[in-house]
Amino acid sequence: MADRDTAAGVIGLVQAYVNTVDIQDGPEELTDPNALERWLVARGLLGPGQHVSEPDLKNAIALREAIRGVIGSNSGATIYPLDIATLNEAAIASRLRARFGADGKARLEPEAGGVAGAMGRMVAAVFTAMADEDWSRLKLCGSPTCRWAFFDRSRNHSSRWCTMASCGNREKARRFRRQHRQA
Ligand SMILES: [Zn+2]
């Protein structure tokens with residue numbers, strides 16, 4: 001995955017979450033509640049030693065796919081109401097509140113603890129990322145079987161594939177075969 005471009009900061013966090021699964025080639029990183037716990041603790045979204053259940057895992061994956069759906073709109077895809085509803089539900093369940101820190105900066109923080117709170121921190125990350133001018137560079141690969149979240153560093157924001165080496169070339173080959181058949 002080293003050749004696939006990653007973003008920094010909060011956009012990078014959102015991207016990393018969406019890319020915990022490689023839909024096309026595998027693997028799925030969030031295979032069980034323990035794996036989810038490790039992922040969330042490693043990124044400071046969840047305190048250590050908290051219980052993560054199977055329904056938590058199911059919710060976390062649903063939220064991840066809802067975020068993927070919303071990122072898709074940066075690549076021109078339709079936004080599905082279900083994805084929006086899932087994001088709103090996670091925000092409500094975590095009881096996100098505006099907080100002003102001692103540094104004078106505003107942020108969204110969950111009142112809920114546990115995994116609901118961690119999901120709230122992820123929604124807050126999406127919220128903050130969306131306000132960043134680079135958000136529109138976070139896109140989904142144009143290959144319907146891939147849908148990897150990549151950061152488009154091209155000058156005119158015109159990249160469509162996670163990497164030309166894999167999906168772009170695969171798509172070109174597909175187009176070539178189609179044209180060849182028609183000829
Ligand atoms: Zn791809």
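Q: OK, where is the place of P27?

A: P27 sits in the loop between α1 and α2. Helices here are DSSP runs of H or I with at least four residues, strands are runs of E with at least two, and both are numbered from the N terminus. Before we go on, this is a predicted model, where local features need pLDDT of at least 70, side-chain atom pairs count only at pLDDT 80 or more, and totals for chains, interfaces and linings use all residues. Residues are numbered from 1 along each chain as its sequence is written, and side-chain values use heavy atoms, with hydrogens and water left out.

Q: Fine. Which peptide bond joins G26 and P27?

A: A cis one, with omega at about 0 degrees.

Q: And L30, buried or exposed?

A: L30 is buried, because its relative accessibility is 2%; buried means under 20% relative accessible area, exposed over 50%, and partly exposed in between, with a 1.4 Å probe and protein chains only. L30 is in the loop between α1 and α2 as well.

Q: What is L30 in contact with?

A: Leaving aside neighbours within four places in sequence, L30 is in contact with Y17, T20, A35, L36, W39, L57, I61 and R64. Contact means heavy atoms within 4.5 Å.

Q: How many aromatic pairs does the count come to?

A: One aromatic pair. The rule takes rings of Phe, Tyr and Trp (its six-membered ring) with centres within 6.5 Å; planes under 30 degrees apart are stacked, over 60 edge-to-face, and the rest tilted. Here Y17 and W39 have ring centres 5.2 Å apart and planes at 50 degrees, so the pair is tilted. The pair links distant parts of the chain, Y17 in α1 (residues 9–18) and W39 in α2 (residues 33–42), 22 residues apart.

Q: What lies over the face of W39?

A: R43, at 3.9 Å from the ring centre. The test wants NZ of Lys or CZ of Arg within 6 Å of the ring centre and within 35 degrees of the ring normal.

Q: Switching to packing: which residues touch the most other members of the largest nonpolar core?

A: V14, L40 and I67, out of 37 residues in that core. A nonpolar core is a set of buried Ala, Val, Leu, Ile, Met, Phe, Trp, Tyr and Cys residues joined through side-chain atoms within 4.5 Å. Helix α5 gives the most to this core, with nine residues.

Q: How many residues of α1 are buried?

A: Seven of its 10 residues, so to speak mostly covered. Their cover includes α2, α3, α5, β3 and β4.

Q: Now the metal. What coordinates the zinc ion?

A: The SG atoms of C141, C146, C162 and C167, at 2.3 to 2.4 Å. Donors are N, O and S atoms within 2.8 Å of the metal (3.2 Å for Na, K and Ca); water is not among the atoms, so sites may look incomplete.

Q: What spacing do the donors follow along the chain?

A: C-x4-C-x15-C-x4-C. C141 lies in the loop between β3 and β4 and C162 in the loop between β4 and α6, so the pair ties together parts 21 residues apart in sequence. Both C141 and C162 are buried.

Q: Where is R147, then?

A: R147 is in the loop between β3 and β4. Its phi is near 55 degrees, a positive value in a residue other than glycine.
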